[in-house]
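This report walks through one protein model, from the chain as a whole down to single side chains. Please keep the structure in view while reading.

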Amino acid sequence: MRLKNQNCLLPILLLLCIPLVTTAQQTKPLSLEEALTLGVSNSKSLKLSKAKIEEITAQQKITKEQRLPQAKASIMYNHAFMLTNQFQLSPGAEPFVLPRNADVYLGTASVNQVIYSGNKHKYADESAALLTKIAELDVTRQENEIKLAVIQLYFNLYKIKQSQKVIQQNFQDIDEKIIETEKFVKQGLATENDVLRWKLQRSNIEISNLDLTTSQKTVSYHLGLLLGLTDDNLIEVDTSLNLLATSSSFQDYVNQSLSNRKEVTIADYQSQHSRLNIKSIQSSKYPTLAAGAALYHINPSANPIPKANSTITPLTVGLTLSYDIASLYTTKAKISQAEASEKQTTIAKTVTEDNIRTEVKQSYEGYVQAREKIKLLEVATEQATENYRITNSKYKNNVASTTDRIDAETLLFQAKINLELAKADAVVAYYTLLKSAGMLP
């Protein structure tokens, strides 16, 4: 029976060894701080958002350049063919005879500067500046989202690593139990079936360990993508865990969130942008005043290089006052639309604030629950440890069965893993709370 069981375990042991040979990876130790730095610096979505800021900044420069004087220069050449070159001003008068062909060169140079246009350019500059600030704040908001994603993946790896540690300890314990039970079999104090039960327990744990190894590679790959690392890196996380306590109340976190969250500031800027849009539309009702100067060079000869007294070169300077009368009735609907948009941004801000309060509440309660769960699991671990000690003592005195001992071992094994997972979850819950309050470092 023992030989048969060993033959059954052999494929499992080989299966555990194969991944170590075929999928060897480089191990990269990485602290949480290093992971956060890499996540922010290598994020493709952040790079895209920063590229959009560059686009908005360039558009802002274009808007400012539109306020500069507009200068133009041109030269034109015309050749006329006179199909009819004679005409009379009145019947009987001597006709005028024109040449069959005529050339003319016309050069112009002009400068125009808008002096007043209802502050349209001013509102355009302010609007572009607000859009730049909104884009920059959105990048900061995305950074916090990426940091939290890194933290969650990092501590998923931590939980896997801690579970593997507990499993390795359990392997050692079970191996000792197998050796001990085999001795008892020789002494007639146990049966071959008792040995098989321990070996079955070890096989079950080996399967759990294999699942953890697969999960470790998957999570490490996802985290590596987020951090911009190569695919052959198996990330090794720092297993020194510090539980972070908070003495702040729920209301303190709410107040911090409404002051620190970028979404609230973005909503404020969006409201300002909507008000500027209304003013810009209203400015269309005002006249536009512009100053301009133009220089003309007219050469009606066929020679591009004119001779003396053969050209006309007038210089004009003037002011232009224009008024779009249609704006008196075409801007009314536009203003109504802009006012409706402003109303939406105001309501959207209140919705954003309510969502943030809800998010902070969920994060705060989640953190409180995580801390309480640790306390309960610490008690459960102590109870499982004592239960195992008592059961093991009874087993050695032939009062408890092998099944009882295995059950006690399983309960202790699960209690230790649950405690380690709860500690990691508490740290993630704390960082989630900081992110909800806009306090994530």
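## The chain as a whole

Of the 441 residues of the protein chain, 34% count as buried, and it should be kept in mind throughout that this is a predicted model. The secondary structure of the chain comes to nine helices and eight strands. The radius of gyration is 41 Å, well over the 22 Å that the globule rule gives for 441 residues, so the chain is more spread out than a compact globule. Taken along the principal axes, the box filled by the C-alpha atoms is roughly 150 × 50 × 35 Å. Among the contacts with a separation of 6 or more, 83% are between residues 24 or more positions apart. The chain exposes about 26,300 Å², and 57% of this area is supplied by carbon and sulfur atoms.

## A sheet of four strands

Four strands form an open sheet in the order β2-β5-β7-β8, and their pairing is antiparallel. Strands β2 (70–81) and β8 (315–322) stand at the edges with a single partner strand each, so one side of each is left without a neighbour in the sheet. From one strand to the next, the twist averages 25°. Strand β2 pairs with strand β5 (residues 101–116) in the antiparallel sense over 12 bridges; in one of the bridges to β5, His 79 has Asp 103 as its partner.

## Aromatic pairs

A search of the whole structure finds eight aromatic pairs, and two of them are set out below.

| Pair | Arrangement | Centre to centre | Angle between planes |
|---|---|---|---|
| Tyr 154 and Phe 155 | edge-to-face | 5.7 Å | 75° |
| Phe 184 and Tyr 395 | tilted | 6.3 Å | 45° |

Phe 184 lies in helix α4 (residues 120–187) and Tyr 395 in helix α8, so this pair ties together parts that are 211 residues apart in sequence. Because buried means under 20% relative accessible area, Phe 184 counts as buried at 17%, and Tyr 395 counts as buried at 6%. Tyr 154 and Phe 155 are both buried as well, and together with Tyr 158 they form one aromatic cluster.

## A threonine in helix α8

Helix α8 (residues 327–396) also holds Thr 381. With a relative accessibility of 12%, Thr 381 counts as buried. Which residues is Thr 381 in contact with, leaving aside its neighbours within four places in sequence? The contacts of Thr 381 are then with Leu 412, Ala 415, Lys 416 and Leu 419.

Note on methods:
Residues numbered from 1 in each chain as written. Predicted model: local features only at pLDDT ≥ 70, side-chain atom pairs only at ≥ 80, totals over all residues. Heavy atoms only, no water. Helix = DSSP H or I, 4+ residues; strand = E, 2+ residues; numbered from the N terminus. Buried < 20%, exposed > 50% of the residue type's maximum accessible area, 1.4 Å probe, protein only. Contact = heavy atoms within 4.5 Å. Pairing = 2+ DSSP bridges. Axes fitted to C-alpha atoms, helices over the stretch in contact; angles between N-to-C directions. Rg over C-alpha atoms; globule rule 2.2 N^0.38 Å. Areas by Shrake-Rupley, 256 points an atom, 1.4 Å probe, with all protein chains shown as cover. Phe/Tyr/Trp six-rings, centres within 6.5 Å; stacked < 30°, edge-to-face > 60°.
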